[in-house]
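Open your viewer and get ready to select residues as we go. Each stop tells you what to pick and what is there.

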Amino acid sequence: STCMYLIISGLFRILVDFTGMGDFASAEQVDVAKVGTVIGEMGMLTGQRRRAFVQAASMCDVLELPLSVIRAICLYRPEIKMKLENMMQDHGSNFNQKMSEAEHRAEVEQQELMSKIEASMEELEEHKRRVRSEARDKIKATIRKARKEERGER
């Protein structure tokens, strides 16, 4: 990433793909970015691949801040460099917290789904036992009837 963006107006959804496939379609909203928020700074400053998608939730204006401009500003204004580093740490810890929360939600949902599947499997097994029992009873009744008919009984 070679730039970051300052939100001048509007609202953005922050989305993360927890599947690890990097797919926007399966991304889950984890936060909202408002006016004055800087987005994209983590990828720009660390050189790492972006971990989140940003989607406009309204009409928006952003100011693109290229890495070359940020480097020049930081040379002459060390306090801005410190603010960027602090902001990056805050965003990183917020992101990690939101990731943990989302992973916990996914784990709970998975456990609930597994419980439902297990309950369905138990119901299916019980249904199979009933059907087998009914089938055995019908077979026995048919055999008894056939034997009676063989002996000439009614």
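**A tour of charged partners and a nonpolar patch**

Begin by selecting Glu79 and Arg77: they form a salt bridge, and their closest N and O atoms are 2.4 Å apart. The term salt bridge means a side-chain nitrogen of Lys or Arg within 4 Å of a carboxyl oxygen of Asp or Glu. Before moving on, note that this is a predicted model, in which local features need pLDDT of at least 70, side-chain atom pairs count only at pLDDT 80 or more, and totals for chains, interfaces and linings use all residues. Residues are numbered from 1 along each chain as its sequence is written, and side-chain values use heavy atoms, leaving out hydrogens and water.

Now color Glu79, which is partly exposed at 38% relative accessible area; Arg77 is partly exposed too, at 43%. (Buried means under 20% relative accessible area, exposed over 50%, and partly exposed in between, with a 1.4 Å probe and protein chains only.)

Next, select Glu126 and Arg129, whose side chains meet in a salt bridge at 3.0 Å, N to O. Shared partners join Glu126, Arg129 and Arg130 into one network.

For the last stop, which residues form a nonpolar patch on the surface? Select Leu113, Met114, Ile117, Met121 and Leu124, with about 450 Å² of accessible area together. Such patches take residues with over 30% relative accessible area and no salt bridge, joining like charges within 9 Å and nonpolar side chains (Val, Leu, Ile, Met, Phe, Trp, Tyr) within 5 Å. Accessible areas come from the Shrake-Rupley method with a 1.4 Å probe; for residues, only the protein chains shown count as cover. Finish on Ile117, partly exposed at 39% relative accessible area.
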